[in-house]
Amino acid sequence: MSAEVFDFFPLSVFKDKIILSNSEKNLIKKFIIDSEEKSKKVIKRKGDAWLGDTRGQEFLLKNNIMNNLTNLISQKIKLYTEMLSLDNDKLIFFYQRSWATITKTNERIQPHSHDQSNISFAYYLTKPKNSGNIRFITEPQNEIAKGLFHKEKLDLGLLKKVNKRNTPNIDLHIEEDNIVIFPSKTKHATIPSTSNDTRISISGDVIIMLKDSFGHERLMPHFDNWQEF
Ligand SMILES: [Fe+2]
């Protein structure tokens, strides 16, 4: 074949590891499970994971016991922006929201995106085998007809195989201690857990602002310059 194919415009998802001592992990686990207990009154749909951000627990990283983990996450966030060739020295970073998720057997997190933020992350404090990977969902760039790459087209034999060029979903394999970082606007979900053990993750949204907005039309200027009314 003489034709060349260029696969342009990747979505780059960053995965790394954060190793905490067992004692630190256990302390954080206990804190999160206690938070779940406190929000027992808030109704949760069957099959949904427990999400701290909608249970009044959306500033998790502000707790002192999270200080070390917060610093380690911050370092990874800055490696992520470096990977995108950004100059971190010109930016300031803020955790906007941060919360825990608890997933038990047959539970999952429905597709969603964090549209009010720039960068999102998930760190896996506990990740038992088969407790559900993270799924990224997109409208494929190559979808030349709406719905062309949906599963039914595969079942009907029109689509001969699924690959990177035609899939609307990619599942990323996750293990305990992993951190995954991605653009907040990216739609994502989790696969239902088939494990009998509980999966606990810590998620968060990060905002970036310009230290000096001179010459920049885009990106948020430092909030010191905002005018409240
Ligand atoms: Fe999310």
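Me: Before we look at any residue, what do buried, partly exposed and exposed mean?

Reply: Happy to start there! A residue is buried when its relative accessible area is under 20%, exposed when that value is over 50%, and partly exposed in between. Keep in mind that this is a predicted model.

Me: Is Asp34 buried, partly exposed or exposed?

Reply: Asp34 has a relative accessibility of 34%, so Asp34 counts as partly exposed. Lys30, with a relative accessible area of 52%, is exposed.

Me: Which contact do the side chains of Asp34 and Lys30 make?

Reply: They meet in a salt bridge, with 3.0 Å from N to O. For this contact, a side-chain nitrogen of Lys or Arg must be within 4 Å of a carboxyl oxygen of Asp or Glu. Both residues sit in helix 1 (residues 22-38), four residues apart, and that is about one turn of the helix.

Me: How many salt bridges does a search of the whole structure find?

Reply: The search finds 16. Another one pairs Lys44 with Glu107, whose closest N and O atoms are 2.8 Å apart. Lys44 lies in the loop between helix 1 and strand 2 (50-51), while Glu107 lies in the loop between strand 3 (91-103) and strand 4 (119-126), so this pair ties together parts 63 residues apart in sequence.

Me: Are Lys44 and Glu107 buried, partly exposed or exposed?

Reply: Try the cut-offs again. Lys44 has a relative accessible area of 30%, so Lys44 is partly exposed. Glu107 is at 12%, so Glu107 counts as buried. For another pair, take Lys146 and Glu139: their closest N and O atoms are 3.5 Å apart in a salt bridge, and both residues are exposed. Salt bridges can also share partners, as in the network that joins Lys25, Glu176 and Asp177.

Me: Now for pockets. What shows where empty space is left?

Reply: Rolling a probe the size of a water molecule over the atoms does. Here, the largest pocket has a volume of about 880 Å³. Its lining has 24 residues, and Phe9, Pro10, Leu11, Thr138 and Lys164 lie nearest the centre. Strand 5 (134-137) and strand 6 (169-172) are the elements that each give two or more residues to this lining, and strand 6 has the largest share, with three.

Me: Which classes of residue make up the lining of the largest pocket?

Reply: That lining divides into 12 nonpolar, six polar and six charged residues. The second largest pocket has a volume of about 340 Å³. Its lining has 14 residues, with Tyr80, Leu84, Asn118, Pro183 and Lys185 the closest to its centre. By class, there are eight nonpolar, five polar and one charged.

Technical notes: Residues are numbered from 1 along each chain as its sequence is written. This is a predicted model: local features need pLDDT of at least 70, side-chain atom pairs count only at pLDDT 80 or more; totals for chains, interfaces and linings use all residues. Side-chain values use heavy atoms; hydrogens and water are left out. On a 1 Å grid over the protein atoms alone, a cavity is a set of points where a 1.4 Å probe fits but cannot get out, and a pocket is an open set with protein on both sides within 12 Å along at least five of seven lines; lining residues have an atom within 4 Å of a point. Grid points are joined across faces, edges and corners, and a volume is the space filled by probe spheres set on the points. Ala, Val, Leu, Ile, Met, Phe, Trp, Tyr, Cys and Pro count as nonpolar, Asp, Glu, Lys and Arg as charged, and the others, Gly among them, as polar. Buried means under 20% relative accessible area, exposed over 50%, partly exposed in between (1.4 Å probe, protein chains only).
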